[in-house]
Amino acid sequence: MDTTKHDMKTLFAQLGLPSSEQQIDDFIASHSLEDTTLLQHAPFWDEAQQHFLAESLAEDGAWSEIIDELDVRLRQEGK
């Protein structure tokens, strides 16, 4: 049974990114998504990150909710 806490910090750690609250805020402040770009197709992800995001969203599993939250935050930051 997977007991991983699925929050923004663990998502960033899973993606291999710095994961303190400040580092997450800095990442979101410096990256944004266009309305027509799917999160997993954003140019700032590497291939492994894109695969993880796409697979997690397709499975609609434990990571989906926090990935959706990241998607919203990246779109709001750009406006």
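**Exercise 1.** Is arginine 73 buried, partly exposed or exposed?

*Solution.* The structure is a predicted model, in which local features need pLDDT of at least 70, side-chain atom pairs count only at pLDDT 80 or more, and totals for chains, interfaces and linings use all residues. Residues are numbered from 1 along each chain as its sequence is written, and side-chain values use heavy atoms, with hydrogens and water left out.

Step 1. Apply the classes: buried is under 20% relative accessible area, exposed is over 50%, and partly exposed lies in between (1.4 Å probe, protein chains only).
Step 2. Arginine 73 has a relative accessible area of 26%, so this residue is partly exposed.
Step 3. Beyond neighbours within four places in sequence, arginine 73 is in contact with Met8, Ile24, Asp25 and Ile28 (contact: heavy atoms within 4.5 Å).

**Exercise 2.** Classify the ring pair of phenylalanine 27 and phenylalanine 44.

*Solution.* 
Step 1. Rings of Phe, Tyr and Trp (its six-membered ring) pair if their centres lie within 6.5 Å; planes under 30 degrees apart are stacked, over 60 edge-to-face, and the rest tilted. The whole structure holds 5 aromatic pairs.
Step 2. Here the centres are 5.7 Å apart and the planes stand at 80 degrees, so the pair is edge-to-face.
Step 3. The two residues are 17 residues apart: phenylalanine 27 lies in helix 2 (residues 21-30), and phenylalanine 44 in the loop between helix 2 and helix 3 (47-59).
Step 4. Phenylalanine 27 is buried, at a relative accessible area of 13%.
Step 5. Both rings belong to one aromatic cluster, formed by Phe12, Phe27, Phe44 and Trp45.

**Exercise 3.** Determine how the buried residues of helix 3 are arranged around its axis.

*Solution.* 
Step 1. List the buried residues of helix 3: Gln49, Phe52, Leu53 and Ser56.
Step 2. Viewed down the axis, these residues fall within an arc of 95 degrees, so they line one face of the helix; the arc is that of the directions from the helix axis to the C-beta atoms.
Step 3. Inspect the ends: aspartate 46 caps the N-terminal end of helix 3, with a side-chain oxygen 3.1 Å from the backbone nitrogen of alanine 48. Just after helix 3, aspartate 60 adopts a positive phi of about 50 degrees.

Definitions and conventions: Helices (H or I, at least four residues) and strands (E, at least two) are DSSP runs, numbered from the N terminus. A polar contact is a pair of N or O atoms within 3.5 Å; within protein, one must be able to donate a hydrogen and the other to accept it, and residues adjacent in sequence count only if both atoms are side-chain atoms.
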